[in-house]
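Have the structure open as you read.

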Amino acid sequence: MGKLVVRIVENGHPYKINCDEHTPVESVQKLLESISGIPFKDQLLFCFGSKLESHSHLSAYKLPSEEEEVFLFNKSRMRINSPPPTPENVKIAVIPINPPLSPPSSSHGPHPNLDDTSDPALKALPSYETQFRNHLQSGSAIYRRTLAMFEICERLLQEQEAQERALDVAKGNLDHFYKMVCQNYTEFMKCYSQQDCSHRKFLVDFGREKEKLRSIKIMPLLQNANRKCLLDFVDEENLQKVWEECSSSHGRFEKKVLELKTEFGDLNGQVQDLFSCKTSNFIKDVELSVKEHRRFMDEQKSIMQALSEDVNTVKKLLEDYISRQVSPSPILPHNAFSALGPTYNTHEKDYLPKMRACDSAISTLLDLCTDKKNESNLYVHNYMQKIARMQYIIKDLRYKFSVFSEALKHQNEQFHQLKILHGVGPAYMACLAEVERRKTATKMYMENAEKLSEKLARERDFEIRRRDEFVKVHSTFIPPDILASMGLYNSLNPCYVNVAPLPGGSTTLAVTDTTILQNDAETKIEALINEVSKFERESEINRNLLDRLRSCATSADFADSLRVLAQSLVR
């Protein structure tokens, strides 16, 4: 069984709870509700910067521990409309400064009657004993009151220091979620910036791209009544509507993103201002004041020791005098009594005034500590309300980022039709290049087929001659019918290689088509590069071909360069 120290953040008050590692957090919360008055549903327990979950046991957080404390945050006090904390109620027990005297403590009973003695110092001895005891009791009452006030000052300082530690825990928790939302913001803005730049280019280049496709006539072989140019490959009227919708959607989304940037900027400024606030300034003032006033307590202890010694001295003198009266002994010397007068004056004019001055100084310190503690309570109250507000904004922003990410994907889908418009030109170029590549590949295929046919004919002739020679040599010894039954008279059938010509006849590139395309080659050639090199891009051969493909864009004869490249692609 150990002790779990739980501190209420709003005032720093500690509670010590007897528990062990198997105690459920829920049980601790219910006990805290009964002793602190904070409802179960409003409790937030934090330790090591982690939230204690009700369904877990203390062992999950390595609790209880003598070195760690648990902070209890009251959610109801973190709401904006919650009232400010009530001032600290400092109670000091009433201790009478001049308490009634206790009877003489002499072992010989009441004070003896010394009126008949001729020595005035000896005659005043019982009075000194009474006054010294009065001084000691008065000093003791002052000291107990001062000590009580000083202990309250130390407690208030400890509570302020605990509140500062609790705020560090709260700031750490806020910083954790703030870094998460910063990462979300950075990732979203990176994706948005890239997409916005691409979409903006699609919108700006829409008219120019349409006119460019309108000016590029397709080859006569491919033309019909509805298709004369590349623009006819798409639905121009529908594409214009898509452009208008995309333009409007892009503008609206841009405004929303600007609002999001402003909201995040405000959050960033508020969080930085919140993190820059320090509670240690007035805590250091209180800590320094308590440290400086500790000397008053030391001074009172010293005075109390002196008063106690003086009381013991006068008691001893009185007891010695009584014992000498009972048994015949020499009379005490006069100087043994004469020193009591100056001692009495020291009590009245030095010790007791200093005791009261120390009490007054500690009382002033208590007022300071109480004021600073009330300031700390109010500061913590306002600070936690700000943190709660920041947490709410962060939670709202994280939700907005998920919504904005979905909107980003939806907008990208809207721009798909505009992307098709920009892809018509590169796709047409790729088709022209593919036509030339296939023609060259077919020619090479037919040449290889012809060579293969000739090679097979040569190998057939050689095989036939070898078979005939074999039959000629062995037919003398083996009957012909046996050779025939063994299949040795069989001949090798001829092999014919026949490749059908390309359907539709020969297709040639039109100079006018390639000339217009060449004007836009610098911006469209990458699409053809991607089409040609999407397989085995990293191979040495394809890297050389890609370099040559890029050089086509600046070639003086674009069509011829494209044909040469197509021939290279099939080798």
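**Helix α5 and what surrounds it**

The buried residues of α5 pack against α3 (125-204), α4 (206-215), α8 (340-414) and α9 (416-474). Before going further, a word on what you're looking at: this is a predicted model, where local features need pLDDT of at least 70, side-chain atom pairs count only at pLDDT 80 or more, and totals for chains, interfaces and linings use all residues. Residues are numbered from 1 along each chain as its sequence is written, and side-chain values use heavy atoms, with hydrogens and water left out.

Helices here (H or I, at least four residues) and strands (E, at least two) are DSSP runs, numbered from the N terminus. The protein chain has 14 helices and five strands. Of its 571 residues, 37% count as buried, meaning under 20% relative accessible area with a 1.4 Å probe and protein chains only; exposed is over 50%, and partly exposed is in between. Take contacts (heavy atoms within 4.5 Å): among those between residues at least 6 apart in sequence, 80% join residues at least 24 apart.

Back to α5, residues 236-276. At 1.5 Å a residue, its 41 residues should span 60 Å, and the end C-alpha atoms are 59 Å apart, which agrees; the expected span is 1.5 Å times one less than the number of residues. Buried residues of α5 include Leu239, Cys246, Phe253, Leu260, Leu267 and Leu274.

Not counting residues up to four places away in sequence, Leu267 touches Tyr178, Val181, Met390, Ile393, Ile394 and Leu397. It also belongs to the largest nonpolar core, where, of 35 residues, Phe73, Val181, Phe188, Leu267, Met384 and Leu397 touch the most other members. Such a core is a set of buried Ala, Val, Leu, Ile, Met, Phe, Trp, Tyr and Cys residues joined through side-chain atoms within 4.5 Å. Two or more residues of this core come from each of β3, β5, α3, α5 and α8. Apart from it lies another core, of 26 residues, with Ile152, Val286, Phe296 and Met304 among them.

Met297 is buried, with a relative accessible area of 4%. Leaving aside neighbours within four places in sequence, Met297 is in contact with Tyr143, Thr146, Leu147, Phe150 and Ile362. The C-alpha atoms of Met297 and Asp359 are separated by 8.9 Å, though the two are 62 residues apart along the chain.

Four cavities of 30 Å³ or more turn up, and about 100 Å³ of space lies in the largest cavity, a volume being the space filled by probe spheres set on the points, which are joined across faces, edges and corners. Phe73 and Met384 are among the residues lining the largest cavity.

The largest pocket holds about 570 Å³ of space. Of its 18 lining residues, Leu44, Met78, Asn173, Ala388 and Gln391 lie nearest its centre. α8 gives the most to this lining, with eight residues.

Conventions
On a 1 Å grid over the protein atoms alone, a cavity is a set of points where a 1.4 Å probe fits but cannot get out, and a pocket is an open set with protein on both sides within 12 Å along at least five of seven lines; lining residues have an atom within 4 Å of a point.
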